[in-house]
Amino acid sequence: MWIFTKHGFYSAVCARQGDGAKGKPVDSDRIMVRARLRSHLDALRERFPDSLHDCEIVDTPEGDYACRIFVPKSVWTRVLAELAEETDYDDFKSKVKKQAGPQGAAYIEALGKVWRVMLGLQRHEH
């Protein structure tokens with residue numbers, strides 16, 4: 001699952017058992033939340049300190065995502081519900097721009113590119 005939020009972009013998948021190494025069986029009770037930018041995971045942990053305080057950010061520069069955290073699925077579902085509840089805008093990209101300021105320019109640019117790609121998909125289907 002890809003999640004684009006005003007805090008950052010995350011890819012959430014079931015973690016593998018143990019240390020999460022490739023080849024190990026999937027642990028359907030644990031989620032691996034991955035991010036391209038550590039600052040996005042930092043922002044998520046800052047936003048949800050009570051839920052994610054025990055989740056250490058693991059740097060994985062050799063991986064397809066630069067860093068990740070491991071979260072019990074029950075905690076992750078609560079975080080997602082709270083993210084949905086905090087929706088207080090009518091234009092997502094504008095909200096991110098206002099919240100992120102100049103330091104979030106690369107994220108805002110990436111959001112625009114994703115938006116255009118998905119618009120192309122829509123136009124292709126119709």
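## The start of helix α4

Let's begin where α4 does: a side-chain oxygen of Asp 91 comes to within 3.3 Å of the backbone nitrogen of Lys 93. After α4 comes Gly 101, with a positive phi near 65°.

## The model and its confidence

This is a predicted model, in which local features need pLDDT of at least 70 and side-chain atom pairs count only at pLDDT 80 or more, while totals for chains, interfaces and linings use all residues. Residues are numbered from 1 along each chain as its sequence is written, and side-chain values use heavy atoms, leaving out hydrogens and water.

The average pLDDT (the predictor's confidence in each residue, from 0 to 100) is 92 for the protein, and 100% of the residues score at least 70.

## Overall layout

The protein has 5 helices and 5 strands, taken as DSSP runs numbered from the N terminus (helices H or I, at least four residues; strands E, at least two). Along the sequence they follow the pattern β-β-β-α-α-β-β-α-α-α. The C-alpha atoms fill a box of roughly 40 × 35 × 25 Å along the principal axes.

## How α4 meets α5

Helix α5 (residues 105-125) packs with α4 at an angle of about 170°, their axes 10 Å apart. That makes the two helices roughly antiparallel, a label for angles over 145 degrees. Axes here are lines fitted to C-alpha atoms over the stretch in contact, and angles run from 0 to 180 degrees between N-to-C directions.

From α4, Phe 92, Lys 93, Val 96, Lys 97 and Ala 100 meet Tyr 107, Ile 108, Leu 111, Gly 112 and Trp 115 of α5, with contact meaning heavy atoms within 4.5 Å. By class, this contact has 7 nonpolar, 1 polar and 2 charged residues; Gly counts as polar and Lys as charged.

## A salt bridge between helices

The structure holds 9 salt bridges (a side-chain nitrogen of Lys or Arg within 4 Å of a carboxyl oxygen of Asp or Glu). One of them joins Glu 82 and Arg 47 at 3.9 Å, N to O. Because Glu 82 lies in helix α3 and Arg 47 in helix α1 (residues 38-47), the pair ties together parts 35 residues apart in sequence.

Methods: Polar contact = N/O pair within 3.5 Å; in protein donor to acceptor, adjacent residues only side chain to side chain. Parallel < 35°, antiparallel > 145°, perpendicular 65-115°, else oblique.
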